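Reader: I'm new to this one. Can you walk me through it?

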Amino acid sequence: MRFIHVADLHFDRTFEGLTKELPADFSKKLNQANEKTLKNIVTTAIEQNVDFVIFAGDTFHQMNPSLKNQQLLMQQFEKLAQAEIPVYLIFGNHDYYEENRYWFAFPDNVVLFETETVKTITATTKNGEKYALSGFSYRQQYLTKKMAQEFPLRNLEVDYHIGIYHGDVQDANFAPFSVSELKSKNYDYWALGHIHQPTQLSAEMIYPGTPQGHTKKELDLGDVLLLELTGSNINVSKRPVAALRWQKRTISLASCENNATVLNYLSKQLAPVSAETTLLLELVLTDSEHLQNFAEMITNGQLQDLLNQQWPAQIFVHTLKLQEIKHKISLPASDLLKTQLLQEFSHGEIFKEVLTELTINKNTTLLLEDPEFRQEVLKQVAAELNEQFEWGQD
Ligand SMILES: [Mn+2]
């Protein structure tokens with residue numbers, strides 16, 4: 001059985017944190033990026049001839065997506081309908097389900113798990129493999145209920161049983177669960193959603209991550225998962241679908257002799273690898289101390305503007321900065337003083353005194369009395385002292 005697992009599409013989310021004006025070509029791409037990503041998902045599903053596609057919540061970013069965005073999503077689901085590919089969809093904390101919110105009917109191939117209680121359906125693939133799917137939706141922004149207990153044990157009548165779960169192992173606001181709770185159900189796969197960084201909790205429990213990053217923190221994201229289940233064997237592969245990617249690059253200018261060589265060098269380093277490359281780039285330059293008036297051209301934005309003219313439809317440098325250099329502060333004190341200071345603080349009482357504020361809490365008191373913890377802290381302090389200051393000779 002083959003299927004695609006999508007989560008956290010945030011189809012109607014805008015691209016955040018872009019303060020500089022974008023070239024017209026790039027701006028156009030940005031406006032169509034979400035739609036292109038969705039189309040890439042649908043094309044991948046059809047090309048891979050999958051048995052179905054799972055959307056594990058937060059397909060929309062907002063509770064009330066625009067009519068245009070609703071229409072675009074339904075049109076793509078309709079394409080999957082024409083290819084006879086079912087869609088299984090749950091709603092997450094962002095797009096939590098409300099009756100009558102949508103101005104378009106979901107096509108017939110889309111099965112919604114719209115209740116806040118776990119619903120299970122069974123179906124058969126074109127090849128005759130039987131499968132069960134269990135899932136639930138959010139009906140409000142937060143869902144503090146532990147949903148794992150509601151999931152039925154694996155259906156033994158089917159070849160595969162899959163759970164769809166939008167939630168968090170740590171945050172109590174989002175259907176908290178533990179890996180062992182889900183494991184106890186004995187399912188073949190758990191299609192997780194909510195965490196935007198691709199995260200694998202166990203062989204059969206995976207967050208694919210968002211298929212399209214929308215902020216500079218969502219670096220290099222942009223895949224969906226293609227799953228192939230054969231008996232108890234799971235084969236997972238990433239399929240790139242993002243219309244554009246956020247990246248961060250650090251480039252050393254040590255090999256640039258003078259200002260006249262910088263642009264040429266940066267162009268070579270940044271040149272797009274293919275015609276498909278579309279990047280929102282944070283660029284950090286290092287080793288520029290030998291170049292004249294260099295920092296000025298960074299702060300006044302001139303270098304950034306020039307770089308952004310080079311590939312106006314492919315690479316947009318949204319942030320350009322120099323790496324901060326840490327200068328060590330020179331101390332007129334000897335290394336011996338440092339050793340003595342550390343020795344003094346290693347006394348239990350003195351160490352404790354310094355951290356009095358923490359001793360209010362009973363648990364931290366226990367920790368402070370632990371000699372191993374004391375040693376570890378002092379080791380880190382010593383490393384910090386060496387990093388920050390230049391120590392004289394004895
Ligand atoms: Mn979410």
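Author: We'll take the metal site, then the domains, then a helix pair and some loops. The model is predicted, with local features needing pLDDT of at least 70, side-chain atom pairs counting only at pLDDT 80 or more, and totals for chains, interfaces and linings using all residues. Residues are numbered from 1 along each chain as its sequence is written, and side-chain values use heavy atoms, without hydrogens or water.

Reader: What coordinates the manganese ion?

Author: Asp 58 (OD), Asn 93 (OD1), His 166 (NE2) and His 194 (ND1), at 2.0 to 2.3 Å. Donors are N, O and S atoms within 2.8 Å of the metal (3.2 Å for Na, K and Ca); water is not among the atoms, so sites may look incomplete.

Reader: How are the donor residues spaced in sequence?

Author: The pattern is D-x34-N-x72-H-x27-H. Asp 58 sits in the loop between strand E2 (52-56) and helix H2 (67-82), and His 166 in strand E7 (residues 160-166), so the pair ties together parts 108 residues apart in sequence. Helices (H or I, at least four residues) and strands (E, at least two) are DSSP runs, numbered from the N terminus.

Reader: Is Asp 58 buried or exposed?

Author: Asp 58 is buried, and so is His 166. Buried means under 20% relative accessible area, exposed over 50%, partly exposed in between (1.4 Å probe, protein chains only).

Reader: And where is His 194?

Author: His 194 lies in the loop between strand E8 (189-193) and strand E9 (199-202). His 194 is buried, at 14% relative accessible area. Its phi is near 125°, a positive value in a residue other than glycine.

Reader: New topic. Which domains does the assignment give?

Author: Domain 1 (2-240), domain 2 (245-322) and domain 3 (329-392). These bounds come from an automatic or database domain assignment. The centres of domain 1 and domain 3, taken over C-alpha atoms, are 49 Å apart.

Reader: How do H1 and H2 pack?

Author: Helix H1 (residues 24-47) and H2 pack at about 10°, with axes 10 Å apart. That makes H1 roughly parallel to H2. Axes are lines fitted to C-alpha atoms, for helices over the stretch in contact, and angles run from 0 to 180 degrees between N-to-C directions. Under 35 degrees counts as roughly parallel, over 145 as roughly antiparallel, 65 to 115 as roughly perpendicular and the rest as oblique.

Reader: Last one. What does Thr 125 touch?

Author: Met 1, Asp 51 and Tyr 131, not counting residues up to four places away in sequence. Contact means heavy atoms within 4.5 Å. Thr 125 is buried, at 7%.
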